[in-house]
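Trainee: Could you take me through one part of this structure closely? I would like to look at the place where the two chains meet.

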2 protein chains.
Amino acid sequence: MTKHAKKIDLPVELIRRYLEPGPIVLVSSAWRGERNIMTMGWHTVMEFSPSLVGCVISSGNHSFELIRRSRECVINVPTTALTDEVVGIGNTSGASVDKFEKFKLTADPAQAVQAPLIRECHASLECRLADDALVGRYNFFIFEVVKAHVNATPKYPETLHYTGDGVFMVSGKTISRRAQFTPDKL
Amino acid sequence: MTKHAKKIDLPVELIRRYLEPGPIVLVSSAWRGERNIMTMGWHTVMEFSPSLVGCVISSGNHSFELIRRSRECVINVPTTALTDEVVGIGNTSGASVDKFEKFKLTADPAQAVQAPLIRECHASLECRLADDALVGRYNFFIFEVVKAHVNATPKYPETLHYTGDGVFMVSGKTISRRAQFTPDKL
């Protein structure tokens, strides 16, 4: 593999293919007896402590109001075992169906928030809304993760990373360069 | 593989392992004759059009002031061909060395910004600062991608996804579920 090749221009609207592939997550929420799940791909870690995560939740999603009003959610990380559920949830509106029932997922009670955990996911992060300053302008929510539940194994599960056009990249092998890091950079 | 297993508690400061693995990128910048490169892992797509990308650039990085003052940067996506450069750049301060020279990378002129493209990367996205409202509070920059250069092949390169502790996940196989998507959800 050469280190570089000739580049082509790409319409800037299509750059998601190059930046987006963090793990697809399932966001669960609840408000006044209603609950929902949405598939989300646009998120970033923002701080270690407090543990902050920023994410874009389009106002067109049924979950938007549940999360904005309850100021809580759970960010659940699925693996390839849930590929069809991830796709189905992303292509179904929670306005008319209960997605836990439709997709046969188990809602477990969380400890710090009212939104339910999704038992079948590899990790579930209980979140409280920490800053809504950019919700109006960009639908950008900044959450504080207040409690995290994760499967003990496998250490590196097969996560799904959406690349657009219906195609997911699956997490592959790991390589360690730990010996080359200065301790404060790990 | 069972669909679920018993979960353990995780300190919330460690949740990056579960959410962070979008592709590691190299951010190049320039200001008043000085140039630099930094390794960055905390970013998210925020909008298709205008093409917005939000990212955390710690104020402790030498690049922080170059980017804040020039209000520009280039986000370059490396592949596994540049693993050692990615690690080296992340563990070196640009205060005392020119990282293009030290890591034998080629600075190509960009079209819309003064910051240089890194020729050896798979993709290079020219960015202008679009919103600095959260720079003071979270070191969070919102950039508009104004020009994107990408290699024509391979379509799915081996990108690096940092998981903490010196370990990178490498992008693996792809799976398509295109037939299961409603057109507006692709």
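**The interface of chain A and chain B**

Mentor: Happy to! Across the interface of chain B and chain A there are six salt bridges (a side-chain nitrogen of Lys or Arg within 4 Å of a carboxyl oxygen of Asp or Glu). B:Asp131 and A:Arg137 form a salt bridge through their side chains, at 2.5 Å from N to O. On the side of chain B that touches chain A, strand E12 (residues 167-176) of chain B gives the largest share, ten residues; strands here are DSSP runs of at least two residues, helices (H or I) of at least four, numbered from the N terminus.

A word on the basis: this is a predicted model, where local features need pLDDT of at least 70, side-chain atom pairs count only at pLDDT 80 or more, and totals for chains, interfaces and linings use all residues. Residues are numbered from 1 along each chain as its sequence is written, chains are lettered from A and ligands numbered from 1 in the order in which they are written, and side-chain values use heavy atoms, with hydrogens and water left out.

In total, 95 residues of chain B are in contact with 95 residues of chain A (heavy atoms within 4.5 Å). Now back to E12: seven bridges join strand E12 of chain A to E12(B), and the two run antiparallel (strands pair if DSSP finds at least two bridges between them). A:Met169, for one, has B:Thr174 as its bridge partner in E12(B). E12 of chain B is also among the elements that cover the buried residues of helix H3(A), together with E12 of chain A.
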